[in-house]
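Good morning, and thank you for coming.

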Amino acid sequence: MTFYLIGIDGGGTSCRAAVALPDGRILGRGKAGAANILTDPETALQNITDAARAAFEDAGLDPAGITASRAILGVAGHNVGDAVHYVKRRLPFAVADIESDGLIALQGALGDKNGAVAILGTGTIYIAREGDAVSYIGGWGFTIGDHGSGARIGHALLQESLLAYDGIHVGSAVTDSVLSEFNNDPRDVVDFARLAKPGEFGRYAPRVFDHAEHGDPVALRLIKAAATTVDEALDVVVSRGSRTICLLGGLAPLYRRWLAERHQPLFVEAEADALTGAVALAAARFGSRPEVSA
């Protein structure tokens, strides 16, 4: 009986899926909403399922085949055991492994070669491979980590907007834009922030980068502080032997010019995306095994 492979790239703002043949040839792709298993596992599960269904439909396949599929999921929060166990037990696939979003990105970007990736999006994580040794830096989630991430930058912008409102810090065009969005009422900012998920904070990050490009003093300060945390992590990546680094994630093209000169010669373009990496890992792990038990 034919079975299919599924690759999942689950991010804080969207979830992408691909369905492939056992040899890894991709047949269709799909997309759904956020898949953050730490902050909202139920929504993540729904969006993982919806993305997989959309991929099957894109390929002209019966979505009922999802239940017989073998999947690799790359998600933030793979290193938090409770969240992983909770989600894994409820996935709709016959067999599934949950891996780091960094691992699937590394596989997609570098194939089987040595090097590292820095994923700079709603969250941040760095993953390096040297031979058979794989090491992770960061990826601890918004509550206690993800320094330099879009969520952190957006959160910092909201903080600065309230500091400007109170006259504690000098405001600027970027903080004015936030206060205007919330009717110049700090209580509305607080109400939003109290319930906001990382992806909702992260939507403010491109605004900070845009204002920094135009010399906004608050935006410049926030971006330079965030870039310092990224450079600190990259220093560790280099110290572990990586001489090739791919910058990935939605903020990667915005970040590059702000990162330290010492790192610029190491940056290379990715060969493929994280979703392709997830499928490649699924093919290597499950593709040649006709019988796989859950």
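Predicted model: local features only at pLDDT ≥ 70, side-chain atom pairs only at ≥ 80, totals over all residues.

**The five-stranded sheet**

Let me begin with an open sheet of 5 strands, which follow one another in the order β3-β2-β1-β4-β5 with mixed pairing. From one strand to the next, the twist averages 15°.

Please look now at strand β4, residues 70-75. On one side, β4 pairs with strand β1, residues 5-10, in the parallel sense over 6 bridges. Here Asp9 stands opposite Gly74 of β4. β4 also pairs with strand β5, residues 95-100, again in the parallel sense and over 6 bridges. Ala71 has Ala96 of β5 as its bridge partner, Gly74 stands opposite Glu99, and Val75 stands opposite Ser100.

Is β4 mostly covered or mostly uncovered? It is mostly covered, since 6 of its 6 residues are buried. Both faces of the strand are covered: Arg70, Ile72 and Gly74 are buried on one side, and Ala71, Leu73 and Val75 are buried on the other. Strand β5 is likewise mostly covered, with 6 of its 6 residues buried.

Which helices lie across this sheet? Helix α3 lies across β1, β4 and β5, and runs at about 85° to β5. Helix α11, residues 274-287, lies across β1, β2, β3, β4 and β5, and runs at about 140° to β1.

**The four-stranded sheet**

I turn to another open sheet. This one is formed by 4 strands in the order β8-β7-β6-β9, and its pairing is mixed. Its edge strands are β8, residues 133-138, and β9, each of which pairs on one side only. Neighbouring strands in this sheet are turned by 15° against each other on average, direction ignored. Strand β6, residues 115-120, runs parallel to β9, and 4 bridges join the two. Within this pair, the bridge partner of Ala118 is Leu247 in β9.

Helix α3 returns at this point. It packs on the four-stranded sheet, where it touches β6, β7, β8 and β9, and its direction makes about 125° with that of β6. Helix α9, residues 217-239, also lies across β6, β7, β8 and β9, running at about 15° to β7.

Why do we call Leu106 buried? We do so because its relative accessible area is 0%, and a residue counts as buried when that value is under 20%. Leaving aside residues up to four places away in sequence, Leu106 touches Gly111, Gly115, Ala116, Val117, Ile127 and Arg129. Leu106 and Gly277 lie 171 residues apart in sequence, yet they are 7.2 Å apart in space, C-alpha to C-alpha.

**A pair of helices**

In general, two packed helices are described by the angle between their axes and the distance between the axes. Helix α5, residues 173-181, and α8 pack at an angle of about 145°, with their axes 9 Å apart. On the side of α5, the contact is made by Ala173, Val174, Ser177, Val178 and Glu181, and on the side of α8 by Arg207, Val208 and His211. By class, this contact has 4 nonpolar, 2 polar and 2 charged residues.

**The largest pocket**

My last topic is the largest pocket. How much space lies in it? The figure is about 950 Å³. The pocket is lined by 46 residues, and those that lie nearest its centre are Gly11, Ile119, Gly121, Thr122 and Gly249. Several elements give two or more residues to this lining: β1, α3, β7, α7, α8 and β9. The largest share, 3 residues, comes from α7. By class, the lining has 18 nonpolar, 22 polar and 6 charged residues.

Thank you for your attention.

Note on methods:
Residues numbered from 1 in each chain as written. Heavy atoms only, no water. Buried < 20%, exposed > 50% of the residue type's maximum accessible area, 1.4 Å probe, protein only. Pairing = 2+ DSSP bridges. 1 Å grid on protein atoms, 1.4 Å probe; cavity = no way out; pocket = protein on both sides within 12 Å on 5 of 7 lines; lining within 4 Å. Points joined across faces, edges and corners; volume = space filled by probe spheres on them. Nonpolar A, V, L, I, M, F, W, Y, C, P; charged D, E, K, R; others polar. Axes fitted to C-alpha atoms, helices over the stretch in contact; angles between N-to-C directions. Contact = heavy atoms within 4.5 Å.
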